[in-house]
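Biologist: Thanks for sitting down with me over this one. Could you bring it up on the screen so that we can go through how the chains meet?

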Amino acid sequence: MELEAKRNHDPDLNDWASIAWTILCNLRDQSPLVQCITNYVSMDLMANTLLSAGASPAMIHSIEEIPDFTPHVRALCINVGTLSPNWLPAMKAAAELITKSGKPWVLDPVAAGASGFRLKACLELVGLKPNVIRGNASEIIALSKASLGVTKGVDSSHESIDAIDAAKSLAQASGAIVAVSGAVDIVTDGNRVVGAHNGVPMMQKITATGCAVTALIAAFVAVEPSNALEATASALSIFGIAGELGMDIAKGPASLRTHLIDSLHGLDQAAVFSRIKITLL
Amino acid sequence: MELEAKRNHDPDLNDWASIAWTILCNLRDQSPLVQCITNYVSMDLMANTLLSAGASPAMIHSIEEIPDFTPHVRALCINVGTLSPNWLPAMKAAAELITKSGKPWVLDPVAAGASGFRLKACLELVGLKPNVIRGNASEIIALSKASLGVTKGVDSSHESIDAIDAAKSLAQASGAIVAVSGAVDIVTDGNRVVGAHNGVPMMQKITATGCAVTALIAAFVAVEPSNALEATASALSIFGIAGELGMDIAKGPASLRTHLIDSLHGLDQAAVFSRIKITLL
Amino acid sequence: MELEAKRNHDPDLNDWASIAWTILCNLRDQSPLVQCITNYVSMDLMANTLLSAGASPAMIHSIEEIPDFTPHVRALCINVGTLSPNWLPAMKAAAELITKSGKPWVLDPVAAGASGFRLKACLELVGLKPNVIRGNASEIIALSKASLGVTKGVDSSHESIDAIDAAKSLAQASGAIVAVSGAVDIVTDGNRVVGAHNGVPMMQKITATGCAVTALIAAFVAVEPSNALEATASALSIFGIAGELGMDIAKGPASLRTHLIDSLHGLDQAAVFSRIKITLL
């Protein structure tokens, strides 16, 4: 399928299904190596999400290893969830190195507005030109306005739909694709805005699902770097579809987590085509 | 329900059911932000326990963030499981700040007697006036006697019932509610002693269940700070009931973990009233 | 059973079943305290693997605690997955101390060839005389050749069978039992080579299963230190059998993880005797 051709008009649902399915197939086929410098809480779910999708995760965070290791990865995911000052230099070094090598990286600005230290770190990382930024509404608003106090811990106190303007501004200012998770996931390049409508509310009752989908975006962008908006929206919907399938048999958040990962691993074309819902907003 | 009124007599089982259920409902309603400075092993289960109970967890541990972030949380959970010297100052700073702001914090002195470094750190934290201390029998005995070698790793080599005197002494000396997990969970303010009899033995075969219930106590105390003994016993029994319900369909420790979290999320009044067992000892 | 007697001839399948079952029974009976200095990703699964097998895990990594704590453990597991320079001195101190006390330790050289820093650290650890080294083929080849670039992240780009010569060389040079995980798990003392044929491919789609089985080896060697090759092959097959049993009801990698741990906890003699497959290669 020629993603470039599809890009020049507004894809309909069927186009989106074939875009998402193609990227997932390429991901499974290529098994891209994805480096994650992420928070302690998310490492397990993030690695398992990447493995179940077909990628090869590597949680390597020491600055001593960046020069040798990062040039060999296909994409990088940086997540500031449990940030401390001694991790930040490695994040920056890895971001700079992967950008120099022409490969993509994705930023997850967890709880961006929770402290001055964290906001400053996030803004510095945004300055290093991530290809994609994914957060919840409160995080994207905090980043866009560069202001504290917008976030309540790591959970959003805003709806994603309220963050469209902030997302567009951030995308325009940073040059990144910006994604806002929520009841509807918003994805924008600062101009176009698409909504990915898959997923179930209970996914927010599982810690690190947001972190995990950011890593999945990194894997999708790894195999489709020149169509980062399409890759991002596809990753969000694919993860959401896995959640929907998981929800069919889940009895609560912990079994949903299990079934979501199982579903992501086994996801087939029929499920993607019958369930995907990505629209122009 | 008026918890104060119930406090002036010895609650019976039915009173305890209504105390525990009320606190859980308030927790679900208020979704308190709970900061956890905890060990690496427990972060996933602790965050998922808090989410499934209705709280909003935030694992933020850097001293740079404490002044901005900690004043906004409703309760703090400090756990020394994978303690290192560079984490201790942030633990102390957060404990001091939350105490100053009149909100509660809970200490989990994991493996308190495993080393001189760890025992000293735990005693310093006890000196910062936690509202609740929860450990296993060996940990509480080590803290109470301020002595090494009582603990064998992180698992207890004592029964909770053997630690009643140590728990009372520690409660009197520290001003904290002291909880001792075990076949029967003991809770004391140094004077009254209650036993929470819920739970199943296999919960001890899941790593970090002790850590997770300490965080749940923090969430319960967050919404009921003036009745910390009641909140603590309630959290222990609620977690135990979730374990009992999970055990009904579990095939081993890993599926028990899944079902426990599912059950905690879905716990209803009927289960609480029919299963809770908290008694005066 | 007299393992020594069996050691003087080549055990057949039935001998191996009784060796593995005996060690597992001793492990469940003795509940050895196993210290793990390991990566952040694996801590949860590693602790739960040890608990479900009957051991008592303790994730204690600070150099301040090594002198007090390490002398009390029965075995030590060191894993460099998320290595940083400040963890290395504690790894070395613990390895030296446990060797001095005559108890075994096991090394997991995760992604040994991913960077010069990591390879140097792994070689230094090998120099501290681990009783067992377990890695995937790429890691063992990197260690054996002391060369970079052999590993692609943390997943192997070689088959275990390709690493037999490298494993024998490493075993001879280091004095350690060397195990190579793969479709067939290889175990060698530099002279004898046995293959453990249990397990299912989907186990590689669960993060940290390799790390977890290394910890299980540490627990097996803890109760059978004088027969480290037998203990290592037994641990690999027992973990593999738990995976096979789990696979019977799994729907994907996440449910396999759950069922694997459940199966390890409930593993009985009949399953071990009917399924174990360890052969001389």
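Biologist: In this predicted model, which residue of chain C forms a salt bridge with A:Glu65?

Modeller: Happy to start there. The cut-off for a salt bridge is 4 Å between a side-chain nitrogen of Lys or Arg and a carboxyl oxygen of Asp or Glu. Here the closest N and O atoms are 2.7 Å apart, so by that rule the pair counts, and the partner of A:Glu65 is C:Arg118.

Biologist: And which helix gives the largest share of the side of chain C that touches chain A?

Modeller: Two helices of chain C, H6 (116-126) and H11 (253-266), each supply at least two residues of that side. The largest share is five residues, and the helix it comes from is H11(C).

Biologist: How much area do chain C and chain A bury between them?

Modeller: Let me build up to that. The contact takes 30 residues from chain C and 25 residues from chain A. On the chain C side, these comprise 12 nonpolar, 11 polar and seven charged residues. Carbon and sulfur atoms carry 58% of the buried area, which comes to about 2300 Å².

Biologist: Now the other pair: which residue of chain B meets C:Glu65 in a salt bridge?

Modeller: Between chain B and chain C the count is two salt bridges, and nine residue pairs are in polar contact. In the salt bridge of C:Glu65, N and O lie 2.7 Å apart, and the residue from chain B is B:Arg118.

Biologist: What kind of axis relates chain C to chain A?

Modeller: Chain C can be laid on chain A with an RMSD of 0.0 Å, by a turn of 120 degrees and a shift of 0.0 Å along the axis. That relation means the axis is three-fold.

Biologist: Which residue of chain C has the C-alpha nearest the axis?

Modeller: That C-alpha sits 3.8 Å from the axis. The residue is C:Tyr40.

Biologist: Why do the copies meet through different surfaces?

Modeller: Compare the interface residues of chain C with those of chain A. The copies meet through different surfaces because the share of chain C's interface residues that are also interface residues in chain A is only 10%.

Biologist: Last one: what ipTM does the model score?

Modeller: For chain A, the average pLDDT is 94, and 95% of the residues score at least 70. For the model, pTM is 0.96 and ipTM is 0.94.

Note on methods: Residues are numbered from 1 along each chain as its sequence is written. Chains are lettered from A and ligands numbered from 1 in the order in which they are written. This is a predicted model: local features need pLDDT of at least 70, side-chain atom pairs count only at pLDDT 80 or more; totals for chains, interfaces and linings use all residues. Side-chain values use heavy atoms; hydrogens and water are left out. Contact means heavy atoms within 4.5 Å. Buried area is the accessible area (1.4 Å probe) that two parts lose on being put together, summed over both. Helices (H or I, at least four residues) and strands (E, at least two) are DSSP runs, numbered from the N terminus. Ala, Val, Leu, Ile, Met, Phe, Trp, Tyr, Cys and Pro count as nonpolar, Asp, Glu, Lys and Arg as charged, and the others, Gly among them, as polar. pLDDT is the predictor's confidence in each residue, from 0 to 100. Copies are superposed by least squares on the C-alpha atoms of residues with pLDDT of at least 70 in both. A polar contact is a pair of N or O atoms within 3.5 Å; within protein, one must be able to donate a hydrogen and the other to accept it, and residues adjacent in sequence count only if both atoms are side-chain atoms.
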